[in-house]
Amino acid sequence: MVDPDKIRKLVEMMSENELSEICIRDGADEILLRRPGAAPIQVAMPQQVTAPVQPLADAVASVQPPAAATPTPTMPTASADEGLTPIKSPMVGTFYAAPDPQSPTFVKTGDHVTADTVVCIVEAMKVFNEIKAEISGTIERVMVKNEAPVEFGQPLFMVKPD
């Protein structure tokens, strides 16, 4: 018998660890949870001959991942971004505008940056990654709030190139 509370905990664990798929086997029972749109991951593992696994599709289908806790800021219209170049997140993680809570932000609107200027930190799997501008210009807009989750390719800043 599948315990709905255990499935909820697995879904929370997937969300906290940014997993797209998790498969748990316990004897003849198997639970496979996959986020919508996630491609199946192929992993070669030694097979054991066991009793057939009963599908848990009904239980998995009824469990939805939790909604994002932080609302995403609305994006300005395309015409407002005309002539601006985005600095995009190179990974999924948490955005930090400053090196620590007591320090000033790396950059703010109106600051001039060069390609080597550190503009923020994105934490992914407990690793703090400094993100460089990779473009010279003026920061026109900060697109993400401090400590907000970010996705791969999400615009973090809009820059007016030199």
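I began at Thr85, whose bridge partner in strand 10 is Val159. I am reading a predicted model, where local features need pLDDT of at least 70, side-chain atom pairs count only at pLDDT 80 or more, and totals for chains, interfaces and linings use all residues. Residues are numbered from 1 along each chain as its sequence is written, and side-chain values use heavy atoms, with hydrogens and water left out.

**Entry 1: the sheet around strand 10**

Strand 3 and strand 10 run antiparallel and are joined by 4 bridges. I take strands as DSSP runs of E of at least two residues, and helices as runs of H or I of at least four, numbered from the N terminus. Two strands pair if DSSP finds at least two bridges between them.

Strand 10 also meets strand 8 (residues 137–142), again antiparallel, through 5 bridges. There I looked up Arg141 and found Met158 as its bridge partner in strand 10. The sheet is open, has 4 strands in the order 3-10-8-5, and pairs antiparallel.

I then turned to the order 7-6-4-9. These 4 strands form an open sheet with antiparallel pairing. Its edges are strand 7 (127–132) and strand 9 (149–150); each has a single partner strand, so one side of each lacks a neighbour in the sheet.

I checked how strand 4 meets strand 6. Strand 4 (residues 93–96) and strand 6 (residues 118–124) run antiparallel and share 3 bridges. Which residue of strand 6 stands opposite Phe95? I found Val122 there.

**Entry 2: aromatic pairs**

I searched the whole structure and got 2 aromatic pairs. My criterion: ring centres of Phe, Tyr and Trp (its six-membered ring) within 6.5 Å, with planes under 30 degrees apart stacked, over 60 edge-to-face and the rest tilted.

Phe95 and Phe157 have ring centres 5.9 Å apart and planes at 55°, so I logged the pair as tilted. Phe95 is in strand 4 and Phe157 in strand 10 (residues 155–161), so the pair ties together parts 62 residues apart in sequence. Both Phe95 and Phe157 are buried (under 20% relative accessible area; exposed is over 50%, partly exposed in between, with a 1.4 Å probe and protein chains only).

Tyr96 and Phe128 make a tilted pair too, 6.0 Å centre to centre with 45° between the planes. Tyr96 sits in strand 4 and Phe128 in strand 7, so this pair links parts 32 residues apart in sequence. Is Phe128 buried or exposed? Its relative accessibility is 52%, so I noted Phe128 as exposed.

**Entry 3: Gln154**

I stopped at the loop between strand 9 and strand 10, where Gln154 lies. Gln154 has a relative accessible area of 19%, so it counts as buried. Beyond its neighbours within four places in sequence, Gln154 is in contact with Ile87, Lys88, Ser89, Val144 and Pro149. Contact means heavy atoms within 4.5 Å.

**Entry 4: whole chain**

The protein chain has 2 helices and 10 strands. Along the sequence I read α-β-β-α-β-β-β-β-β-β-β-β. Of its 162 residues, 26% count as buried. Taking contacts between residues at least 6 apart in sequence, I found that 56% join residues at least 24 apart. The chain exposes about 11,300 Å², with carbon and sulfur atoms supplying 55% of it.

Notes: Areas by Shrake-Rupley, 256 points an atom, 1.4 Å probe, with all protein chains shown as cover.
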